Amino acid sequence: MARILVTGGTGYIGSHTVVELMQQGYDVLIVDNLSNSNIEVLDGIEQIVGKRPDFCRMDCLDYPGMDRLLSQYSDIRGVIHFAASKAVGESVEKPLLYYRNNIGSLVNLLELMRAHAINNIVFSSSCTVYGQPSAEHLPVDETAPIQKALSPYGNTKQINEEIIQDEAHADKSLHAIILRYFNPVGAHPSALIGELPNGVPNNLMPFVTQTAAGLRQKLRVFGDDYNTPDGSCIRDYIYVVDLAKAHVKAVERMLAETAEEQVEIFNLGTGRGLSVLEILRTFIRVTGVDIPYEIVGRREGDIEQVWAEPHKANTVLGWKADTPVEDVLRSAWNWEKHLRGIK
Ligand code: UD1
């Protein structure tokens, strides 16, 4: 079976994707600098799959190191590039760090792929590229216009997509699949891997589960005066295991050489928008754990509402996110309980 290089493979989405790839028989090499993940994730993967993935602690910015590694692993047929910094607020504080990390890594990888005759890359992008879509573009499909990014983080995703397009134009042997994720949540059903945020979580789901576990006093709901049915923001929350499976489909498609275009773009979402308050209420209902919360002011830079039109991924990739949200929220809670040793 082919080997896939997974950069950022000990991270949240990366680790779930490694599990799905290995369960489908792929050999995996993880490259991760562990800047926002933990080496013990490898134990979780091994426990689930029954086999340990190859791992190298390395920064994708280390060009000579990556060059040596790719010479050593001459069986790599494709790359899934997750490794990136992803905190929106931090990117506003430290834009150059974000430009260096997120753009330098991709440029290095593409150069090295050319040098080592690796022609397939799957790239982790984000629905953030759409900004706030206008009403006629909701749900948002892949043809919706890209809007000016609201943060350096978002801008790195846009620039990286352009870099891939330009390189594919210059090198006709390169094939790329760009996956625009909506809001990934939940954890593996085994509760052996999941999201591991550093410090106080920025994202909704880990904040909810940490509040449920008693680590945080209460959840702050950022705004109830939006133009939505209950006034809170709407997102498309997608189960991380469903998301991981989309990466396997993307890899299969590239290796089978059935892609219609050199660069293909897919929205990965459920097609269903849920509000912050709906998520909160559903979490309380399915777990039986109360979450104290208060409504506070809007968070700067938040989009009011966005959810996916996943038709293209459903039909062309042959993939669908179909795990019920109740199961997804339960999985997030089981993972938090596992982390904190709660029975
Ligand atoms: C954000 C980024 C997205 C990035 C993702 C990953 C924007 C517009 N989006 O998604 O590009 O890929 O993070 O890190 O910057 N909320 C609360 N209380 C909280 C936390 C969140 O009410 O304590 C609300 C937010 O206002 C939002 C929703 O929950 O309406 C989801 O927030 P979050 O999980 O941070 O994701 P996004 O902001 O959608």
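1. Domain 1 (3–185 + 238–268) and domain 2 (204–234 + 271–340) each supply at least three residues. Keep in mind that this is a predicted model.

2. Which residues come nearest to the ligand? They are L204, R220, R235, R299 and D302, out of 21 residues around the ligand. By class, the shell holds 10 nonpolar, 6 polar and 5 charged residues.

3. Which element gives the most to this shell? Strand β8 does, with 4 residues. The strand covers residues 219–222. R220, one of the residues that come nearest to the ligand, falls within the β8 range.

4. R235 places a polar side-chain atom 2.5 Å from an oxygen atom of the ligand. Y153 also uses its side chain: a polar atom there lies 3.0 Å from a ligand oxygen. F222 works through its backbone instead, with a polar backbone atom 3.0 Å from an oxygen atom of the ligand. The protein buries 87% of the 750 Å² that the ligand exposes when taken alone.

5. Next, the nonpolar core. The largest one has 65 residues. Inside it, L21 and L268 have the most contacts. Helix α8 (residues 240–255) provides the largest share of this core, 9 residues.

6. As background, nonpolar side chains in soluble globular proteins tend to be buried together.

7. N102 sits in helix α5, which spans residues 95–115. Is N102 buried or exposed? N102 counts as buried because its relative accessibility is 1%, and the cut-off for buried is under 20%.

8. Where does N33 lie? N33 is in the loop between β2 (27–32) and α2 (41–49). Its relative accessible area is 26%, so N33 is partly exposed; that class runs between the 20% and 50% limits. N33 and T10 are 23 residues apart along the chain, and their C-alpha atoms are separated by 9.1 Å.

Definitions and conventions: Residues numbered from 1 in each chain as written. Predicted model: local features only at pLDDT ≥ 70, side-chain atom pairs only at ≥ 80, totals over all residues. Heavy atoms only, no water. Near = heavy atom within 4 Å. Polar contact = N/O pair within 3.5 Å; in protein donor to acceptor, adjacent residues only side chain to side chain. Areas by Shrake-Rupley, 256 points an atom, 1.4 Å probe, with all protein chains shown as cover. Helix = DSSP H or I, 4+ residues; strand = E, 2+ residues; numbered from the N terminus. Nonpolar A, V, L, I, M, F, W, Y, C, P; charged D, E, K, R; others polar. Domains from an automatic or database assignment. Core = buried A, V, L, I, M, F, W, Y, C linked by side-chain atoms within 4.5 Å. Buried < 20%, exposed > 50% of the residue type's maximum accessible area, 1.4 Å probe, protein only.
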